[in-house]
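Please read them with the structure open beside you.

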Amino acid sequence: MNLASHCDPSSNDCTALSTDIRSCQMQGIKVLLSIGGAVGDYSLASSDDAATVSDYLWNNFLGGNNSNSRPLGDAVLDGIDFDIENSTGKHWEELARDLKSHSTSAQNVYLSAAPQCPFPDGELGIALDTGFFDFVWIQFYNNPECEYTQSNALNLLSSWNQWTASLKVGKVFLGLPASPAAANNGYVPADSLACNILPVIKKSPNYGGVMLWTTYYDKQSGYSSFIRSSLCPPEYGGNDSHKAYNWWMWLIIGVGAALAISLIFYLCCTLRRKDKAEGDGKMNQAMNIEMEDRASNEDKMLSFESIVASREMKE
């Protein structure tokens, strides 16, 4: 959650968001407060400074109760997002450790980070090595050396492999602009994402999903709807890795079709044999009846001839 340009905590008008926050949480959506950003000067001067910031965040936005004024009212957020883009890069690992120390078996303090895609990140590299972060959404935009450019995904995929190999804890997300207007560069057309990128990065064991900047642009473009389907359009062939990734699906379909045809053929043969057997039985029965009738008629004729012969003899 980014409060910038939405409300002013100093005037206490952000408390109106508490109902919306609880509504999201009731639907299973984690709500985190994002700190940092690309604008402004901010830093942590020392370990004590990190501890002070941790206490402030805990008591004013998370599960602490040692504060007379909570900017978001009585809503309790689920964690803190580190969007550190303009800092000295020092003591953020200590802030992460102090915040994570408040986690309990009943309530986890979730931590997330949004590093730039060049590896390692100059601001959050040390903090990410601690293993305290549950979610890492890497920004693969506004960074020409590791973003998608002119139908070429090699730099992006190479950087993705570096990040996923280094992060042993938490889930890693592919951070993308939700439309060409959302960033200076790095936008990935939806068909290229579905056919050439997602089939590759989904193989990473710590793959978590796709992060989009921002909701505003996503509502205009509908980009997330396409990602949810993750379907490569028929008019796009995708790359060979995508086809190889799905070979087993075609194998299952082929085997299933062969079994179905075999079963139908077997049932047809069985029914034909059954009909033939019933037909032969009826024919045999008819022949038996006909033979019995003939035998009866012959007996009657013999009996009649015997009577006539007897009368002639008497005369």
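1. On terms, before the helix pairs are discussed: a crossing is left-handed if the near helix is turned anticlockwise from the far one by less than a right angle, and right-handed if clockwise. Helices (H or I, at least four residues) and strands (E, at least two) are DSSP runs numbered from the N terminus.

2. On the basis of the values: this is a predicted model, in which local features need pLDDT of at least 70 and side-chain atom pairs count only at pLDDT 80 or more, while totals for chains, interfaces and linings use all residues. Residues are numbered from 1 along each chain as its sequence is written, and side-chain values use heavy atoms, with hydrogens and water left out.

3. The sheet is open and is formed by 6 strands in the order 1-2-3-4-5-6, with parallel pairing (two strands pair if DSSP finds at least two bridges between them). Strand 1 (32–37) and strand 6 stand at the edges with a single partner strand each, so one side of each has no neighbour in the sheet. On average, neighbouring strands are turned by 20 degrees against each other, direction ignored.

4. Between strand 5 and strand 6 the chain passes through helix 6 (residues 190–201) in a right-handed β-α-β crossover (right-handed if, with the strands pointing away from the viewer, the path from the first strand over the helix to the second runs clockwise).

5. Helix 3 lies across strand 1, strand 2 and strand 3 (110–113), and runs at about 175 degrees to strand 2; axes are lines fitted to C-alpha atoms, for helices over the stretch in contact, and angles run from 0 to 180 degrees between N-to-C directions. Helix 5 (residues 154–166) packs on the sheet against strand 4 (135–139), strand 5 and strand 6, its direction making about 150 degrees with that of strand 5. Contact here means heavy atoms within 4.5 Å.

6. How do helix 5 and helix 6 cross? Their axes come within 11 Å and cross at roughly 15 degrees, and the two helices are therefore roughly parallel to each other (angles under 35 degrees count as roughly parallel, over 145 as roughly antiparallel, 65 to 115 as roughly perpendicular and the rest as oblique). The crossing is right-handed, and the contact is made by Leu156, Leu157 and Trp160 of helix 5 with Asn196, Ile197, Val200 and Ile201 of helix 6.

7. The axes of helix 2 (residues 47–60) and helix 3 (residues 92–100) come within 9 Å and cross at roughly 40 degrees, which makes helix 2 oblique to helix 3. This crossing, too, is right-handed.

8. A cis peptide bond, with omega about -10 degrees, joins phenylalanine 119 and proline 120, the latter in the loop between strand 3 and helix 4 (125–128). The bond from tryptophan 213 to threonine 214 is also cis, with omega near 0 degrees, and threonine 214 lies in the loop between strand 6 and helix 7 (215–221). Histidine 91, in the loop between strand 2 and helix 3, has phi near 70 degrees, a positive value in a residue other than glycine.
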